[in-house]
Amino acid sequence: MRVAQRSTDLIGQTDMIRVRSLSELTGCDIWLKLESQNPGGSIKDRAAYQMIQDALASGELQPGMTVVEGTAGNTGIGLAVVARALGLKMLAVMPNDQTPEKERMIRLHGAELKTVDPVPFKNDNHFYHTARRIAEQRDDCWWANQFENTSNARAHYLGTGPEIWQQTEGAIDILVSVAGTGGTIAGNSMYLKERNENVQVWLADPDGSGIYSYLKQGEYVSKGSSFTEGIGIMRLVENFKQAKIDAAVNLPDQDLVSLSRFVRDQEGIVLGSSSSLNLAGALQAALLHGPGKTIVTFACDLGERSASKLYSETYLRERGINVEPEPIQELLARYRDQGDRVWYAASAS
């Protein structure tokens, strides 16, 4: 057990749990790193703390200033937690179609929240541009800029990656991660491949994101949409540029419903949408490359933050998603046969 002087001292050093049911079905050891244990309840606490630490060290951010960031929710919550712990203020700009659970958490942690209509990135009213504009117009603000600020990836290079290496005793074969800003997959892939160049790094990408297309074809093209929040990019950003990716798989929301219910019922683990996507990617990797592999992925946040979408039958029906989960054996059979949905880098084994 740890004893801390402030909440930021509790960021990192999260536990891992073996997903017994899926491990036994695939013959692999599939591990979830429980990032919901961070004080803000998500993996984004790591990036939030590193970005603020580095900005304070450089003098770019001064005591008494307001941290401003455009966010889909979790980074805003993480920045709110860190800012308050360090005596700073926080203003989060968020699209108004995100879950009310995240809006509530940002306000509960003492941050100011400004919501805007969801619009394409090229629109000046996009949450990213709105946050940047607010910070530029005020002398007392610092813009965190999580997409281009590589302190984001640095947090995982310095912290998460070494933790995974230690927890698996260097036996990790495959790391699976979604990408929002790309910081998580970049920092972890850089560290783990420095320790063992044979570690494979898989990207799990939802419908509506263009990363899978970018990796496969060199351009950002998306099809459909997803209820996952803050996952997927339609442009190349500095954090993602650093990622060392061997494979990518595109997965639909329907799979997240099936897998989240199976793991909840078998393991008592309630996953959020991005965590379910991670686990679906890990399952795909296990079925195509197992048995005998050690696979690590992330429970990115608290599953309760997806209550009004992933776990709402009304919401799912409105989106045309079947609320009855696909039987696990049918899902496994489909994943064994969908190698055409997986992209491999030319250098991947």
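The protein carries 35 positive and 43 negative side chains, and the centres of these two sets lie 2 Å apart. Here Lys and Arg count as positive and Asp and Glu as negative, while His and the chain ends are not counted; each charge is placed at NZ of Lys, CZ of Arg, CG of Asp or CD of Glu.

The model is predicted, and local features need pLDDT of at least 70, side-chain atom pairs count only at pLDDT 80 or more, and totals for chains, interfaces and linings use all residues. Residues are numbered from 1 along each chain as its sequence is written, and side-chain values use heavy atoms, with hydrogens and water left out.

As to overall form, the C-alpha trace spans about 55 × 45 × 40 Å along its principal axes. A compact globule of 349 residues would have a radius of gyration near 20 Å, and the value of 19 Å for the protein agrees with this. The radius is taken over C-alpha atoms, and the globule rule is 2.2 Å times the number of residues to the power 0.38.

Of the 349 residues, 59% count as buried, that is, under 20% relative accessible area with a 1.4 Å probe, protein chains only. Among contacts (heavy atoms within 4.5 Å) between residues at least 6 apart in sequence, 72% join residues at least 24 apart.

The protein contains 13 helices and eleven strands, which are DSSP runs numbered from the N terminus (helices: H or I, at least four residues; strands: E, at least two). Helix α1 covers residues 20–26 and includes S21. S21 is buried, because its relative accessible area is 6%. Leaving aside neighbours within four places in sequence, S21 is in contact with F262, Q266 and E267.

Notes
Buried means under 20% relative accessible area, exposed over 50%, partly exposed in between (1.4 Å probe, protein chains only).
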